[in-house]
Amino acid sequence: MKKYDTLFLDRDGVLNKKIEAGYVLDICDIEVLPGVVYFLSRVRNLFNQIIVVTNQRCVGRGMLTMDRLEMINRTLNQLTGSHIDHFLVCPHLNNDMCECRKPKDGLFRKAGDIYNIDFSNSVLVGDSESDLIPAKELGIKTIYISGYESKYADKRVSSTLHLLSAFNNLY
């Protein structure tokens with residue numbers, strides 16, 4: 001038995017550099033953030049699974065196919081050490097009224113159905129409040145990568161370089 005159940009991660013802004021006013025549409029757009037590879041290698045053995053939960057409305061906008069997105073996600077996983085067990089994606093637009101687009105909790109619940117997750121013994125790392133809100137509602141501990149405070153954050157770090165230290169002090 002691992003120490004914790006699930007590590008949830010947002011993708012853009014947590015694993016790879018977020019493209020402001022744009023999207024990662026090709027593998028050449030992937031820029032792994034500093035400290036991420038080391039962080040994942042250090043925490044991998046503490047979790048039953050590591051799952052990425054990500055909104056990717058570029059699919060809903062017709063800018064990217066799901067097949068191409070899956071190739072980008074596979075490449076990102078390889079570039080970060082192949083520690084990620086599953087990518088769960090919401091491809092919908094804001095006005096699609098789906099249940100999976102964060103800040104709704106559908107991606108987390110789907111992960112729970114697949115892996116029988118103990119949310120109270122899980123952790124989310126996100127870079128926006130829309131990542132944190134569904135996690136907090138489900139009882140998941142949160143680490144917020146931001147220069148701003150949030151009532152939804154259990155811990156906050158200014159960059160991915162500080163993830164390991166925040167995680168070590170979370171429990």
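The model is predicted, so local features need pLDDT of at least 70 and side-chain atom pairs pLDDT 80 or more, while totals for chains, interfaces and linings use all residues. Residues are numbered from 1 along each chain as its sequence is written, and side-chain values use heavy atoms, with hydrogens and water left out.

**Exercise 1.** State whether Asp12 is buried or exposed.

*Solution.* 
- Take the cut-offs: buried is under 20% relative accessible area, exposed over 50%, and partly exposed in between (1.4 Å probe, protein chains only).
- Asp12 has a relative accessible area of 15%, so Asp12 is buried.

**Exercise 2.** Find another side chain that makes a polar contact with the side chain of Asp12.

*Solution.* 
- The side chain of Arg11 joins that of Asp12 by a polar contact of 2.9 Å.

**Exercise 3.** Describe how β5 pairs with β4 and with β6.

*Solution.* 
- Strands (E, at least two residues) are DSSP runs numbered from the N terminus, and two of them pair if DSSP finds at least two bridges between them.
- β4 (residues 123–126) pairs with β5 in the parallel sense over four bridges; Val123 has Lys141 in β5 as its bridge partner.
- β5 and β6 (residues 155–157) run parallel, joined by three bridges, and Ile145 stands opposite Val157 in β6.

Key:
Polar contact = N/O pair within 3.5 Å; in protein donor to acceptor, adjacent residues only side chain to side chain.
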